[in-house]
Amino acid sequence: MADVVTYFMTALGLGFYLAGTVAVIRFPDTYSRLHALTKADNVGLGFLIVGIAFQADSWMVVARLALVWGLALMAAGITAQLIARTALQRQSP
Amino acid sequence: MKKHAASARRVIFFLVLWFVLSEGEALLVGAAAVPAASWLSLRLLPATRPIHLLPLLAMTPNFLWRSLLGGLDVGRRALDPRMPINPGWIRLPVDLPDGGRVALGGELSLMPGTLAAGTDRGRLLVHVLDKDQDHARMIRIEERRLGSVSG
């Protein structure tokens, strides 16, 4: 049962990564691409983490996985702003 | 006295972080890393306003749900053959301190259709994927929620 959840959740997560990558290729400018990178990858990582958590043998591992996601989330939110602001200052399209 | 309480909170935060990361092992490394991280953190981000945990917890489910919607929204636009995006900019005044503004910007970057790109004379610059949607109202709501977390 746990394995089925893991398969399903990680596949879902990879789907989001795929959509995010397609957006980076198709979207016309830096800012639109950043939308995709932060949002789709954040959700992708979330599903990946939930999937992996079903393989964990202790709550400590689950807590650590949640922490990984939380820190990645914060990093994504801050990096996106930094890149967007820098692109704006340099007037890149 | 207030300053000591703020420092204590920071130390407790890193202590918990270390414990989760190390599963209680490598205590010697933690004994050095926790004070060092706390010191650096207080230096780089002096404790001016405490963060209230309850409002933070209260806004978490909505945040998770909306960031899921954000991922779905951008994924759908990317995979749709017609690629329905209509990007543009909005700018609006934000009544939050510096740290709060960064937090709001980070949050907006994970919400559907918005991406913060810093501030311009006190006004938040937000890139939107679809100009025709009413993002300003949503940003106001998030701003109010974040305002209750810190202060």
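**View 1. How much of chain B is buried.** In this predicted model, 24% of the 151 residues of chain B count as buried. Chain B is built from five helices and three strands. With a radius of gyration of 19 Å, well over the 15 Å that the globule rule gives for 151 residues, chain B is more spread out than a compact globule. Trace its C-alpha atoms along the principal axes and you get a span of about 60 × 35 × 25 Å. What share of the contacts in chain B between residues at least 6 apart in sequence joins residues at least 24 apart? That share is 64%.

**View 2. The two domains of chain B.** Chain B splits into domain 1, covering 2-44, and domain 2, covering 53-149.

View 3. Leaving aside residues up to four places away in sequence, Val149(B) touches Ile51(B), His52(B), Pro55(B) and Leu56(B). Take Leu56(B), one of those partners: Val149(B) and Leu56(B) sit 93 residues apart in sequence, yet their C-alpha atoms are 5.6 Å apart in space.

**View 4. Where chain B meets chain A.** Here 26 residues of chain B are in contact with 31 residues of chain A. On the chain B side, the elements giving two or more residues are α1 (2-22), α3 (53-79), α4 (98-108) and β2 (114-120). Which of them gives the largest share? That would be α3(B), with eight residues. By residue type, the side of chain B that touches chain A has 15 nonpolar, nine polar and two charged residues.

View 5. Of its 93 residues, 35% count as buried. The radius of gyration of chain A is 16 Å, whereas a compact globule of 93 residues would have one near 12 Å. Along the principal axes, the C-alpha trace of chain A spans about 50 × 25 × 10 Å. Look at the contacts in chain A with a separation of 6 or more, and 66% of them are between residues 24 or more positions apart.

View 6. Chain A has a mean pLDDT of 92, with 98% of its residues at 70 or more. Where in chain A is confidence lowest, and where is it highest? The lowest mean, 91, belongs to helix α3 of chain A (residues 59-89), and the highest, 95, to helix α1 of chain A (residues 2-26). Chain B averages a pLDDT of 87, and 98% of the residues score at least 70. For the model as a whole, the scores are ipTM 0.88 and pTM 0.85.

Terms used:
Residues are numbered from 1 along each chain as its sequence is written. Chains are lettered from A and ligands numbered from 1 in the order in which they are written. This is a predicted model: local features need pLDDT of at least 70, side-chain atom pairs count only at pLDDT 80 or more; totals for chains, interfaces and linings use all residues. pLDDT is the predictor's confidence in each residue, from 0 to 100. Helices (H or I, at least four residues) and strands (E, at least two) are DSSP runs, numbered from the N terminus. Domain bounds come from an automatic or database domain assignment. The radius of gyration is taken over C-alpha atoms; the globule rule is 2.2 Å times the number of residues to the power 0.38. A residue is buried if 20 or more other C-beta atoms lie within 10 Å of its own, exposed if 12 or fewer, and partly exposed in between; C-beta atoms are placed from the backbone. Two residues are in contact if their C-beta atoms, placed from the backbone, lie within 7 Å. Ala, Val, Leu, Ile, Met, Phe, Trp, Tyr, Cys and Pro count as nonpolar, Asp, Glu, Lys and Arg as charged, and the others, Gly among them, as polar.
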